[in-house]
Amino acid sequence: MPTEVKGLIELKKALKDYAPNLGEQLDTQMGIALGGVVKKAQSYVLASSPLSNWSYRKRTEFFTNAEGKKVRKFPLYNSARIVKDIQYSGTPRRANKNGFKAVYYIINKSAAGAIYETAGRKNPSGQPWVGRKGDPNDHGVSHSNNPNAGSQFIQAFGQIYQGNIESSTKRGRYMKGRLIFRAWAEDGGKANAAALTAIYNVNEQFKKKQYFGKVTK
Amino acid sequence: MSIVIDIAAQFTGKRAFAQAENAADKLGRTVKHALIGVGVTAFAKSAISAFAAQEKQLTLFKNSLRTIGFEFATSDSLAFLNSLKLQYGVTDTQLIPAYEQLLTTTRSLAASQNLTNIALDIAARQSISVTEAADALSKAYLGNTRSVGALGLGISKANLASGDFAAILKEITNVTKGSASAAADTFSGKLARIKVAADTAKESIGAGLVEALMQISKSTDIDQLQGKIINFGNSAAETLANVGKAISDNIVLIKSFAIVLAAAFTVNKIATFIASLQAIVKVVKTLRNALLASAVARNFLFNPLGATALTAGMFAAIGLVTKGVEALSDSTTRATENLLNLFGAAKALGVGGDQGGAAKYAEGAAARAAADAKAAAAAQLKATKAQTKAIQDQAKLNKAKTLFDIEQIQILAALQNKLSDDEKLRLSLKLALIQGNASEAERLSKELAASQLLTTNLATAIANLPPALNPFADWGTAIDDILDQLIDVYAWLNKISQPITMPITPARVLSAGEQIALQKGLDPSQIGMGGNIIGSAATFNPLPTSFGIAQNTQDFTQLSSDVASLFTGFGQTSSNTTYVYNINGATTGLLNELRNGLIDSSASGSFATINSPAG
């Protein structure tokens, strides 16, 4: 994962231009293939915050730092928002640094969801603690007064799960998570196979004569 | 930052993006425009541009070949390149410079063609342009292997260092052989090949249009033609006046011509455009025959729409310049052929099919559109009807299902009642049929058949029975007898209502001989003495000569008192005589009275012999 499908973007464009019905069919099949994983991932979202002081409450989302910059506050845990922002999509994303453009993907969009998903993935015991003395712009260290804050934060989230599909662009730990990666791991590759099969089938159908026949009429 | 699981991705690096831009975006637009249709004017503009670009490129190519002494091979080279571009879907803009460079480097037709094929393979495998691949090969041929090494084909450093082009080429061939064919066989490659075919058709159309326009306007090149078109504005008023006069003079012909023009502008199909050109040619020839050639040619020479390629086509037709018309005719023929080739190529590629050719398509475009609309309406109607029928059928099924349920309920209820075996069998069979229980239904049907057979035999037997006897037939005689007897009874009852005189045989004292006989257990009658002799009596109360049978309680009371008086002193052993009364009727009442009398006697202190406790 991801599987490189050569000509997929062209196929989607061609479907849009020449066989919109087939394009809708592909979208439907992808929905069936990936919807289950999304539902399962959504089911893993805790109803309430695992940390009492992390619960969502009304507040201003930004503050101005010492340098006068408008900075976004640390996101709060809003389970409804997290659930809503776990989705699948067929809209191509921007190409990554390696030149791969994800066309079909499952995404966990919310900031709080991403934190819950990945906390402890890089530093299982929390980020190195420096306290208040460190550079405030350094986000790779803990600035908390509590040296164990990071560890406690992560422990409250519970186990992190390893995705079972090796990525051509991602290393092992980048496939770890508690929501979509967990659901993906438990799916065991069935959704992936179904999605690729759907693409293959639609491509074959599109290549068949009748679709071009319709176009040329 | 979003967390993403990529399901399907495509490599779209910088090079890949550029390739995709060529292979997808432009291709998509071109094919879409070519196959589905765009504005005719826009297409004509594009065709002119394409033709101009190709013309320029070919001119440069010919010039290059001439400079290196291969002018003789121009046509062969172009044929080779044309086959390559159709086979692999590589555009002239890439292929011609690559071939030109290789030929310039190698100065050998065979080597350059071979290297062009290898360059195509390299380009397909490494996702680079053919020009880049050819450039690397050219440099390697000349001893500079750095570019070839940079291609990343895994060529050994020893070969690269040695500069042995043959060895390097061998390694390259081993690695890249078949890549171009494989790439051409992909979906993207197929679309690229279609694009090339479409471009060729477009260029042919553009060539025909430009040629026609130039001949009509007597221009020797495009610049001159543009100048004439610009100058048109100055004479527009005069031209339009002439056009008006020509139209009024030739209104009938112009009308038909206008129809064709309208068709050409309104139907956004390339093929229709081509067909329209053919129609225009036909009309123009007619006009020419009607000696309107010079007037129309003058009026339309600088048509305000002449800036467009489509107008060029119209221009040529309307101008009635023989050469222009012929050129236009030729161009439409070539365009038709190219489109036919295009459809043929698509068919060969497995992504399309010849739909009968562009011309044929154009001829029936309007009719087909109408037919399509009609078919769509019919299909819609059919779908609506089918949907309605499906709803009705569903409603019927639901109703029938309800009926079956009710029937089943009724059967179950009926089975609870007292039924004959045959009726139970029938109901059970029906229930089994409703429930779809085949095995049970079969079993019950067999039983029912057997039962029916038995019933049929019984009916036959009953039918063969003789007529039943009348059980009351003899009742008349019996009733008469009964009545007679009743009359006798009645008469007898009348009789017995009178006192009945009963003869009483008086007891007599046995003789001595009879008493001896009795003592010896002999029958006294055997010794010649009659009467019932039980004992002897010392005293005897005189009996009434007669007494009535008790008819009521009072009578019995009287009778009992009589009897009591009769037995006064009974039990006294002083008397040896026993009196026996033979009385007919009312024996039970008499016995009761006797019993009561004895009890009373016992209660009074007399010796009781009745109801004494057992011993």
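1. Strands here are DSSP runs of E with at least two residues, and helices are runs of H or I with at least four, both numbered from the N terminus. This is a predicted model, in which local features need pLDDT of at least 70, side-chain atom pairs count only at pLDDT 80 or more, and totals for chains, interfaces and linings use all residues. Residues are numbered from 1 along each chain as its sequence is written, with chains lettered from A and ligands numbered from 1 in the order in which they are written.

2. S4(A) runs antiparallel to strand S5 (residues 100-108) of chain A, and four bridges join them. Pairing requires at least two DSSP bridges between two strands. Opposite Tyr88(A) stands Ile106(A) in S5(A).

3. The sheet draws on both chains. It is open, has four strands and mixed pairing, and its order is S1(A)-S1(B)-S5(A)-S4(A). S1 (3-4) and S4 of chain A are the edge strands; each has a single partner, so one side of each lacks a neighbour in the sheet. S5(A) and strand S1 (residues 3-11) of chain B run antiparallel, joined by eight bridges. Within that pair, Tyr105(A) has Asp6(B) as its bridge partner.

4. Two helices of chain A pack on this sheet. Helix H1 (residues 8-18) touches S5 of chain A together with S1 of chain B, and its direction makes about 80° with that of S5(A). Helix H7 (residues 190-207) touches S1 and S5 of chain A together with S1 of chain B; here the angle to S1(B) is about 30°. Contact means C-beta atoms, placed from the backbone, within 7 Å. Axes are lines fitted to C-alpha atoms, for helices over the stretch in contact, and angles run from 0 to 180 degrees between N-to-C directions.

5. The largest nonpolar core holds 52 residues, and Leu34(A), Ile106(A), Ile180(A), Ala195(A) and Ala8(B) have the most contacts inside it. Helix H2 (residues 20-43) of chain A is the biggest contributor, giving eight residues. A second, separate core has 35 residues, including Tyr88(B), Ile96(B), Tyr99(B) and Leu103(B). A core is a set of buried Ala, Val, Leu, Ile, Met, Phe, Trp, Tyr and Cys residues joined through C-beta atoms within 7 Å. Buried means 20 or more other C-beta atoms within 10 Å of a residue's own, exposed means 12 or fewer, and partly exposed lies in between, with C-beta atoms placed from the backbone.

6. Helix H6 (residues 180-187) of chain A is largely enclosed by the rest of the structure, because six of its eight residues are buried. Those are Ile180(A), Phe181(A), Arg182(A), Ala183(A), Trp184(A) and Asp187(A). Gly188(A) follows H6(A) with a positive phi, near 70°.

7. Check the backbone of chain B at two loops. Most residues other than glycine have a negative phi. Arg107(B) is not a glycine, yet its phi is positive, about 55°. It lies in the loop between helix H4 (92-106) and helix H5 (109-126) of chain B, and counts as exposed with 12 C-beta neighbours inside 10 Å. Ser127(B), also not a glycine, has a positive phi of about 55°. Its loop is the one between H5 and H6 of chain B, and Ser127(B) is partly exposed, with 14 other C-beta atoms within 10 Å.

8. Ala192(B) lies in helix H11 (residues 187-216) of chain B. It is buried, with 26 other C-beta atoms within 10 Å. Its C-alpha is 4.7 Å from that of Gly89(B), 103 residues away along the chain.

9. Confidence needs a look. Chain B averages a pLDDT of 66, and 46% of its residues score at least 70; pLDDT is the predictor's per-residue confidence, from 0 to 100. Within chain B, helix H16 (residues 293-300) has the lowest mean, 43, and helix H6 (residues 130-141) the highest, 87. Residues 342-358 of chain B stay under 50, though the model has 47 contacts for them beyond four places in sequence. Where pLDDT is low, the predicted coordinates should not be read in detail. For the complex, the predictor gives an ipTM of 0.86 and a pTM of 0.33.
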